[in-house]
Amino acid sequence: MLNYDHSQQDVFDAVTSVLGALNRFRAAALVRGAVSQGVLFDDLGTPTEGSQSELLISAVCKWDAAEESENGNVLRFPGVFEVSDELLKAIVDLNQSKSALELKAGAIIGVSARDRQNKLREVLKRQGLGRAHPLQCWRSIHVIDQEQIKTIGFSIINKSIGSEVLTKDEAIRRLRRRDAQDIIEELESEVCSSVRWVTPVSPFVRANVSYRVNGALINKSIHASLPFIVRKGAWPENVKFNVPRENPVTRKITPREKTKTIDLRFRENAYLALS
């Protein structure tokens with residue numbers, strides 16, 4: 001019998017459910033005609049050669065962190081696949097089980113963030129997923145459920161810094177989730193009306209999607225680490241990958257000279273800017 005508390009057992013059961021849904025997805029994708037057409041791009045924007053069904057299965061089922069990554073970054077699989085109703089149902093079911101896993105993983109009981117992370121890792125290892133990146137385990141596959149899709153254009157975003165403006169209370173609540181009591185005490189001693197949470201951001205893939213609804217053109221920007229799914233007969237008029245510049249321009253945020261900052265010591269080059 002596994003020495004799990006109830007929250008770990010809930011995660012174990014949720015992982016079992018995801019793996020079952022993954023097997024059903026794989027079986028549905030291998031049915032003749034399940035994937036009408038598709039394209040999967042590499043990081044240079046070149047279409048990957050191979051069976052479209054196998055490419056889709058590989059993209060959805062590969063959960064391991066990138067081997068060459070020092071920080072355990074997730075692998076990226078930008079692309080689009082047109083699928084049958086039966087395969088679409090299997091994908092929707094898989095997404096539901098992934099959402100349930102994310103919910104259970106967020107409820108793991110532990111004395112600290114690291115303890116909760118270690119407990120999650122223990123469960124994944126027991127399920128044969130020792131190299132799996134947790135984010136990839138529960139990341140959903142985006143279904144573009146539209147009939148008149150104009151374009152899907154992929155781009156690599158080389159953004160060096162990301163920032164988010166929070167109230168002081170919001171920043172403290174977020175710090176509590178990271179068990180950063182020393183930083184909380186430092187922030188509580190300061191007088192400020194807002195807090196800018198500044199962190200480094202790794203390159204990521206984004207897609208600009210446009211489609212028509214009742215004659216109106218709708219544009220959306222969507223994170224694209226996994227392939228997009230469209231219904232049979234709804235293939236976009238144009239699918240492209242915008243090749244990144246050889247020397248991309250990155251945006252950097254530096255605090256004003258007199259701005260009070262507090263280092264987020266749990267993450268390199270991250271800080272709070274108070275105002």
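This is a predicted model: local features need pLDDT of at least 70, side-chain atom pairs count only at pLDDT 80 or more; totals for chains, interfaces and linings use all residues.
1. On the geometry of the pair: H1 spans residues 6-29, and its axis comes within 10 Å of that of H2, the two crossing at roughly 170°. Angles over 145 degrees count as roughly antiparallel, so H1 is roughly antiparallel to H2. The crossing in which H1 passes H2 is right-handed.

2. The sheet is open and has 3 strands, in the order E1-E2-E8, with mixed pairing. Strand E1 (35-40) and strand E8 (228-231) are the edge strands, each pairing on one side only. Direction ignored, neighbouring strands of this sheet are turned against each other by 15° on average.

3. How is strand E2 joined to E8? Strand E2, residues 79-83, runs parallel to E8, and 4 bridges join the two. Within E8, Val-230 is the residue that stands opposite Glu-82.

4. Helix H2 (residues 52-61) also packs on the sheet, where it touches E1, E2 and E8. The direction of H2 makes about 60° with that of E1. H2 therefore has two sets of contacts to inspect: those with the sheet strands, and those with H1, to which H2 is roughly antiparallel.

Note on methods:
Residues are numbered from 1 along each chain as its sequence is written. Side-chain values use heavy atoms; hydrogens and water are left out. Two strands pair if DSSP finds at least two bridges between them. Axes are lines fitted to C-alpha atoms, for helices over the stretch in contact, and angles run from 0 to 180 degrees between N-to-C directions. Contact means heavy atoms within 4.5 Å. Angles under 35 degrees count as roughly parallel, over 145 as roughly antiparallel, 65 to 115 as roughly perpendicular and the rest as oblique. A crossing is left-handed if the near helix is turned anticlockwise from the far one by less than a right angle, and right-handed if clockwise.
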